[in-house]
Amino acid sequence: MSNKESLTIRRPDDWHIHLRDGAMLEAALPYTARQFGRAIVMPNLAPPVTGSQAAAAYRERIYAALPDGLKFEPLMTAYLTDKSDANDLAQGFKHGVFTAAKLYPAGATTNSDSGVTDIANIHGVLEKMEEIGMPLLVHGEVTDPDIDIFDREHVFIHRVMEPTLNRFQGLKVVFEHITTAAAVDFVRTQGPRVGATITVHHLMINRSDIFRGGIRPHMYCLPVAKREQHRLALREAATSGEAHFFLGTDTAPHTVSDKESACGCAGIFSAPAALELYAQVFDEERALDQFEAFASLNGPAFYGLEPNGETVTLKREDWVVPESVTVADGSAVKPFMAGETLSWRLV
Ligand code: NCD
Ligand code: ZN
């Protein structure tokens, strides 16, 4: 830990979030907007946000749910399917509705049933995206049931990521929420057109934590946390300051009853304390001097955007993460690290 008592950085952005819709959107959005200037909004609603009209309407609902006085810009994404319309994506990108498109291999995660069943089915779309400079965001896990869940990201690199990057040499790609040393190494072998987001929970927990003293559904997400050696590799990458790596929480709220269930949903709700938790990790790694690059500069540089103009300040000060967040429909969501005392606080 450093002796620093406060840290001021450019306002950060979150390059991977799930905001949901309706009452959950209203409950979740203020936490993200309090910290981040912009966020890449994932399109895995039910039904998914596949077209530019649906994305524009979703963006309006997000703005409508934004509390007065908070400035926040949602950056919308298209959910790719076997039948995606390349022209609609290109029009949406041109008119600033879409910032990127998201590849969910069908069946890989929450609300991915309409995802892509074979990457060959979207080669035409990828060609168009390469041509217009529209980034492809990838949930990098194979869905082959014969592949062990802890190996799905590693196998995806060789089966899908590498061949796709070779085929589309100009396509910009974000390897989302990386969880393995293999993904860190792979991204480092690529040029600046390949980036990777790293969540705060993958920097803080390993797979044993999910089973510490009993099964802990609020630590379950996809890709699932891996062995300790992978967590350490992610911490090294995130705190390196290298341009490839940037902040993406993958905050993914599910109600307590959907999590604490015989078949609990994947997703960790880290938004209530995300920036503070990342700061704690950087502090523990004695890398607070790299925090602004990871949180506020590398992401915009990858996306070809300016960093935010304003700044935020974090102070070394204890506070306790809320036990629970109430949703207007009467349900509740449990934040990541609920009830834990954190050592950094966003002013
Ligand atoms: C996400 C969700 O709940 O939408 N869940 C998760 O575990 N991360 C989907 C995703 O990003 O995989
Ligand atoms: Zn996600």
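Visitor: In which strand is the place of Thr197?

Guide: Thr197 belongs to strand β8, residues 194-198; helices (H or I, at least four residues) and strands (E, at least two) are DSSP runs, numbered from the N terminus. This is a predicted model, in which local features need pLDDT of at least 70 and side-chain atom pairs count only at pLDDT 80 or more, while totals for chains, interfaces and linings use all residues. Residues are numbered from 1 along each chain as its sequence is written, chains are lettered from A and ligands numbered from 1 in the order in which they are written, and side-chain values use heavy atoms, leaving out hydrogens and water.

Thr197 has a relative accessible area of 0% and is therefore buried (under 20% relative accessible area; exposed is over 50% and partly exposed lies in between, with a 1.4 Å probe and protein chains only). Its side chain makes a polar contact of 2.8 Å with the side chain of Glu176. Such a contact is a pair of N or O atoms within 3.5 Å; within protein, one must be able to donate a hydrogen and the other to accept it, and residues adjacent in sequence count only if both atoms are side-chain atoms. The side chain of Thr197 also reaches the backbone nitrogen of His177, at 2.8 Å.

Next, helix α10. This helix spans residues 274-284 and is largely enclosed by the rest of the structure, because 10 of its 11 residues are buried. Among them are Glu276, Gln280 and Asp283, as well as Leu275 and Phe282. After α10 comes Arg286, which has a positive phi near 50°.

Leu70 sits in the loop between α2 (52-65) and β4 (73-79). Its relative accessibility is 28%, so Leu70 counts as partly exposed. Leu70 and Pro30 are separated by 40 residues in sequence and by 8.0 Å in space, C-alpha to C-alpha.

Last, ligand 1. It is surrounded by 15 residues (each with a heavy atom within 4 Å), and Asn44, Thr109, Leu222, Asp250 and His254 are the closest. Oxygen atoms of ligand 1 are approached by a polar side-chain atom of Asn44 at 2.7 Å and by one of Thr109 at 2.6 Å. In the side chain of Thr110, an N or O atom is 3.2 Å from a ligand 1 oxygen. On its own, ligand 1 has 310 Å² of accessible area, and the protein covers 100% of this (Shrake-Rupley method, 1.4 Å probe).
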